[in-house]
Amino acid sequence: MPQILTTFLLVLATLEPTGAHAAPPSPPATPWKPVAGRIMTRWAKDVNPAAPWPEYPRPTMERERWQNLNGLWKYSVTGLDPASTDKIDGEILVPFPIESALSGVARRIGPQNVLHYVRGFDVPADWRTGGQRVRLHFGAVDWRCRVSVNGKSQGEHAGGYDPFSFDITDALRAEGPNELIVMVMDPTNTGGQPRGKQWDEPHGIWYTPTTGIWQTVWLEPVPGVRIERLRTVANASAGSVEVTAELVGDAEGVEIAAEASGQCGGSGKASAVGRAVTVPISKVCEWSPSSPWLYELKVELRRKGAVVDRVKSYFAFRDVRVGKDASGVNRLLLNGKPVFMFGPLDQGFWPDGLYTPPTEEAMKFDIEAVKRVGGNMLRKHVKVENERFYYWCDRLGVLVWQDMPSPFFKSKDFDERSPELSDEWKTNFEREWEAIMQARGAHPSIVMWVPFNEGWGQNDLAWATSVVERTRQRDPSRLVNNASGWTDMHTGDVNDIHVYPGPGAPANEPARAAVLGEFGGLGLPVDGHTWLAKNNWGYVSYKSKEELTDAYVGLLRQLPQLIGDGLCAAVYTQTTDVEIEVNGWLTYDREVWKIDPERASAAAKALHEPPPIVRVLVPRAGQDGAREGEPWRSTTDRPGEDWSRPGFDASAWQTGWGGFGTKGTPGAIVGTEWSGSDIWLRRTVELPASGRGQLALSVHHDEDAEVYINGELAASFKGYTSGYRTEPLSPAVSTLLRPGKNLIAVHCRQTSGGQYIDVGIVRIEPRPEK
């Protein structure tokens with residue numbers, strides 16, 4: 001067993017609660033308030049310490065009676081010495097992690113300490129009658145915890161993202177208040193548990209960790225024979241939904257009855273003896289981002305005509321798969337029709353609550369932001385949200401790609417304190433991933449599972465591949481993305497690449513769809529709205545909202561041509577700034593739109609229209625015909641002033657095929673090595689007779705470049721690209737090109753890092769309407 005797991009088990013065993021926590025004196029009570037010193041969101045002022053996060057936490061299986069245990073709890077932080085547990089340090093606001101400002105504490109814990117929570121609670125008298133049981137639920141606790149009620153251990157749980165519960169009935173007192181104690185240990189960097197972007201020393205793309213309770217804690221009374229879990233399978237072609245209940249207790253002779261009613265008018269009801277029933281639906285309306293139709297569902301468990309248990313849920317008719325379009329290219333199909341999925345990398349961090357949004361309205365704001373800029377999906381990045389997040393995605397019509405939070409194991413790329421990948425850590429990962437899929441599997445908005453990101457945790461590729469295959473077997477109703485970026489295991493439903501700033505697309509394949517799992521990352525720090533005053537970064541940085549919006553719209557304008565070639569989805573980094581990353585649509589506090597959302601929305605509309613036809617007039621490197629005709633002439637010595645004009649004598653220049661640069665430069669297809677600071681290129685090309693459409697350059701530049709056509713400056717580019725971009729030529733510049741022979745001249749300057757230059761010419765034509 002890994003050392004960290006062994007240590008946690010031993011420590012929690014020695015800290016067996018005895019009820020002594022009820023007696024120690026508390027420090028003087030002070031009113032709760034957020035810890036000052038960092039930026040806050042506008043919703044922080046709406047946090048009610050008497051009832052934070054009051055919403056029902058499990059909307060896919062709702063019972064009428066429940067009790068919310070969120071609010072002010074006592075807490076203490078101790079070392080691993082069990083003799084040091086009898087103390088109270090103060091109050092903490094649950095469900096905000098102790099590191100957050102909204103917890104009222106803002107304190108780091110670390111792997112050598114134990115976080116203790118204590119609170120009292122009462123159970124209504126009518127919850128204890130008729131053989132009812134009382135269950136204690138936790139939305140999420142990071143990472144390993146042990147729970148006791150009135151000094152009696154109820155069990156322990158390891159996993160920072162999956163919900164869990166205990167039957168605490170036998171530990172409850174006959175009268176008076178009860179005492180609940182939760183003890184938590186969190187290894188962060190020193191453990192191999194899934195933890196996403198949490199880091200004990202935040203920097204770059206690694207953020208402040210979350211320790212302890214960070215989702216709602218609640219109680220509910222349940223009957224002895226009850227519905228433990230619901231599964232719905234909606235079949236649009238059959239016009240029905242199959243409802244299956246997982247039951248607990250003596251289910252002999254029980255009957256399940258289900259009644260459905262749709263927002264679009266369809267309805268139906270049915271009952272059957274046993275655990276499953278098929279309900280015919282009078283009108284089928286399929287769920288989509290433009291029409292997120294849902295059906296409310298009431299399910300009863302009956303015995304001899306009497307209702308034993310009753311829950312409410314909902315479902316949708318939604319089918320997602322990979323299939324061919326009319327051209328034989330793989331596409332993502334939603335309800336049988338191709339849909340281009342576009343939206344943000346959504347990390348779900350908050351400056352005041354870290355992993356926990358201040359309020360439901362705050363959380364909903366981020367989802368609505370996706371729709372505002374013309375998106376129809378989001379990729380929930382290496383984090384799992386509380387269930388109400390997915391409830392709102394279902395309601396608002398936002399597709400979700402759900403990542404598994406990444407674990408990290410010892411390798412040359414990561415912290416040496418990370419453990420070696422072992423069988424125990426593999427089992428731990430598999431158990432939590434299975435629990436996450438089960439806990440969030442009822443949400444129609446989730447259309448893709450993503451078990452791995454960028455090689456993180458993929459130290460054993462044979463094992464990681466088996467995880468992907470088990471994911472597919474566990475849930476064949478959704479797409480599976482074997483790994484988003486970097487370490488493709490050549491399985492699953494999509495081939496996912498990351499290109500910054502991009503965009504770019506992987507090659508089309510016979511069975512999988514091509515997707516761009518991350519691109520963009522355009523940065524803009526906004527004074528007064530950053531996590532730190534300095535050292536903020538983006539992949540490419542800009543100085544104003546107008547500049548950033550121009551660049552963002554420029555990226556989106558590249559996508560339709562990639563879509564025409566086969567690209568099926570694009571994920572922009574990211575919804576908001578996160579700590580020192582300033583590459584969001586919005587600032588970290590959600591106060592400032594850094595891009596113009598109206599211009600962004602207008603640009604996104606083209607992603608859902610028929611893609612244009614791109615006709616290659618002058619091939620660039622890697623395309624058919626690239627090595628036909630006259631090669632490029634090049635020099636690295638500064639030429640005369642008229643070097644770009646027809647008639648200039650370049651006979652002494654070297655000849656070579658594009659592109660020019662160094663191998664290893666992102667996106668480069670090197671035909672001729674170039675490693676100096678400057679290069680000048682000339683080439684005479686033959687163009688056909690003019691046709692309908694817009695002329696454009698297909699250019700990959702690293703770094704600054706100028707392109708001349710027949711001696712006149714046609715375009716200039718600053719910075720670098722990581723792939724080929726299509727840059728439309730203005731009508732005035734287009735007139736410089738004529739049928740027959742044309743001179744293309746290029747100057748590129750390099751300062752550091754990789755280097756590359758290549759230019760082709762295309763004509764962009766509107767696709768004829770069918």
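In which loop does Gln574 lie? Gln574 lies in the loop between β32 (567–573) and α7 (597–605). The model is predicted: local features need pLDDT of at least 70, side-chain atom pairs count only at pLDDT 80 or more, and totals for chains, interfaces and linings use all residues. Residues are numbered from 1 along each chain as its sequence is written, and side-chain values use heavy atoms, with hydrogens and water left out.

**Overall build**

- The protein has eight helices and 44 strands; helices (H or I, at least four residues) and strands (E, at least two) are DSSP runs, numbered from the N terminus.
- The radius of gyration is 29 Å, close to the 27 Å that the globule rule gives for 770 residues, so the protein is as compact as a globular protein of that length.
- That radius is taken over C-alpha atoms, and the globule rule is 2.2 Å times the number of residues to the power 0.38.
- The C-alpha trace spans about 100 × 60 × 45 Å along its principal axes.
- Among contacts between residues at least 6 apart in sequence, 70% join residues at least 24 apart; a contact means heavy atoms within 4.5 Å.

**Surface and charge**

- Of the 770 residues, 59% count as buried; buried means under 20% relative accessible area, exposed over 50%, and partly exposed in between (1.4 Å probe, protein chains only).
- The accessible surface comes to about 30000 Å², and 49% of it belongs to carbon and sulfur atoms.
- These areas come from the Shrake-Rupley method with a 1.4 Å probe; for residues, only the protein chains shown count as cover.
- There are 83 positive and 96 negative side chains, and the centres of the two sets lie 3 Å apart.
- Lys and Arg count as positive and Asp and Glu as negative, while His and the chain ends are not counted; the place of a charge is NZ of Lys, CZ of Arg, CG of Asp or CD of Glu.

**Around Asp162**

- Asp162 is found in the loop between β8 (152–158) and β9 (164–167), and is buried at a relative accessible area of 1%.
- The side chain of Asp162 makes a polar contact of 3.2 Å with the side chain of His157, and another of 3.1 Å with the side chain of Arg431.
- A polar contact is a pair of N or O atoms within 3.5 Å; within protein, one must be able to donate a hydrogen and the other to accept it, and residues adjacent in sequence count only if both atoms are side-chain atoms.
- Leaving aside residues up to four places away in sequence, Asp162 touches several residues, among them Gly139, Ala140 and Glu432.

**Backbone details**

- The peptide bond from Thr573 to Gln574 is cis, with omega near 10 degrees.
- Gly658 and Gly659 are also joined by a cis peptide bond, with omega about -10 degrees; Gly659 is in the loop between β35 (654–656) and β36 (660–661).
- Asn150 is a residue other than glycine with a positive phi, near 55 degrees; Asn150 sits in the loop between β7 (144–149) and β8 and is buried at 14% relative accessibility.
- Trp486 has a positive phi near 75 degrees; Trp486 is in the loop between β27 (479–480) and β28 (494–499) and is exposed, with a relative accessible area of 64%.

**Around Phe717**

- Phe717 is found in strand β41 (residues 712–717) and is buried, with a relative accessible area of 10%.
- Phe717 and His701 are 16 residues apart along the chain, and their C-alpha atoms are separated by 7.7 Å.
- Not counting residues up to four places away in sequence, Phe717 touches residues including Leu697, Val699, His701 and Glu727.
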